[in-house]
Amino acid sequence: MSKALYPMIRGYSNVNERKMMTILMRRTRAAMPMLGLDTTGMDNPVPAVERALDIGYRRFHVGEGHESALGELFYNRLDNGAIERKSLWVDVKTTDDWDRAEEVITEKLEKLRTGYLDMVFAKCPIREQDNGRWESKEFQKLWGKLFSLTPPKGRITRHVGICHVSRKKLELDFLRTMSHEIPDAIQNEVHLQLQMNGLRTSCQRYDVRMLGEAICPKSVTDVKMVQQACHSKSLTPEQLSIKWSIQRQVPCLVSTENPDELLQAFIAATTDGGQPLLLNAREMSILETLDRGHTHRVIYKDLEALWDVDYK
């Protein structure tokens, strides 16, 4: 991999002797795996997380209510030496009840039994009473509280991130109002049809990590040029999407309990020691043309109304 093009990407060895791509965080230089598993929405996440750990996954976004079950799993793996804490990355979202944020985060950590959290994400305020603007005094108070939980003041979490942020919010509202506490990362819905290129440029400018999702919408898999790119590289559409995300230095999450899908995603984000199979410039340019500002959850104009999406 070219160090000039991808200066922040490193690798780490996993149990299968493959190397997972990682990206270094701005403040701590900690290495976040470029691929992780999101347990949100799973009825019982333990089997999927067990399989993921065995395969070599080390980043986990823990869904609400999964802390106790996964905490026992993490504790056992750490206790018997199967994994090292420094190679494990665990992140969570805080509560919508901002007054109880510190209490809730502390409770989550106690249940997870990992010693500390690697990242806590706050949701961007989109309440009608403050018109979704960062000037909300309540949110500023929450943001300061979250950073007080990071070293050197606190030992609860190493990093603080934010969800659902547009370029406009980041540059015009957030950096102007709370520039003394820049987020370590921004987690958004980012994929081939919603590439958020403007936000990505801003994140690179301020050294903020932009995080996305390892999904490939059905409307993309049916595109002939995508099928040709998959065929030439012997990749599934989902693997192609993951490699595209990694080459853009955007860590992503999968959300699947299927063992085969977990393995295929992992293979796409790792290398066996040689150079990773990269997409060429022509293929990356073709994939850029798929950006439509479309989401796989809700219609675009709803997102625009909620959090001022300005992705171009």
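User: Which residues of helix α10 do Gln239, Ile242, Lys243 and Ile246 in α9 meet?
Analyst: This is a predicted model, in which local features need pLDDT of at least 70, side-chain atom pairs count only at pLDDT 80 or more, and totals for chains, interfaces and linings use all residues. Residues are numbered from 1 along each chain as its sequence is written, and side-chain values use heavy atoms, with hydrogens and water left out. Taking contact as heavy atoms within 4.5 Å, the four residues named in α9 meet Gln264, Ala265, Ile267 and Ala268.

User: How many nonpolar, polar and charged residues does the contact of α9 with α10 have?
Analyst: Ala, Val, Leu, Ile, Met, Phe, Trp, Tyr, Cys and Pro count as nonpolar, Asp, Glu, Lys and Arg as charged, and the others, Gly among them, as polar. By these classes, the contact of α9 with α10 comprises five nonpolar, two polar and one charged residues.

User: At what angle do the axes of α9 and α10 cross?
Analyst: Helices (H or I, at least four residues) and strands (E, at least two) are DSSP runs numbered from the N terminus, and axes are lines fitted to C-alpha atoms, for helices over the stretch in contact, with angles from 0 to 180 degrees between N-to-C directions. The axes of α9 (residues 237-247) and α10 (residues 259-268) come within 9 Å, and their crossing angle is roughly 35°.

User: How many of the eleven residues of α9 are buried?
Analyst: Buried means under 20% relative accessible area, exposed over 50%, and partly exposed in between (1.4 Å probe, protein chains only). The buried residues of α9 include Leu240, Trp244 and Gln247, and the helix is mostly covered, the number buried being nine.

User: In what order do the eight strands close into a barrel?
Analyst: Two strands pair if DSSP finds at least two bridges between them. The pairing in this barrel is parallel, and the order is β4-β5-β6-β7-β8-β9-β10-β11.

User: Which residue in β11 is the bridge partner of Leu37?
Analyst: Leu37 belongs to strand β4 (residues 35-38), where Leu35 and Leu37 point one way, Gly36 and Asp38 point the other way, and all are buried. Three bridges join β4 to the parallel strand β11 (residues 252-254), and there the partner of Leu37 is Val254.

User: Which residue in β5 is the bridge partner of Asp38?
Analyst: Strand β4 is also joined to β5 (residues 59-61), with which it runs parallel, by two bridges. Leu37 stands opposite Phe60 in β5, whereas the bridge partner of Asp38 is His61.
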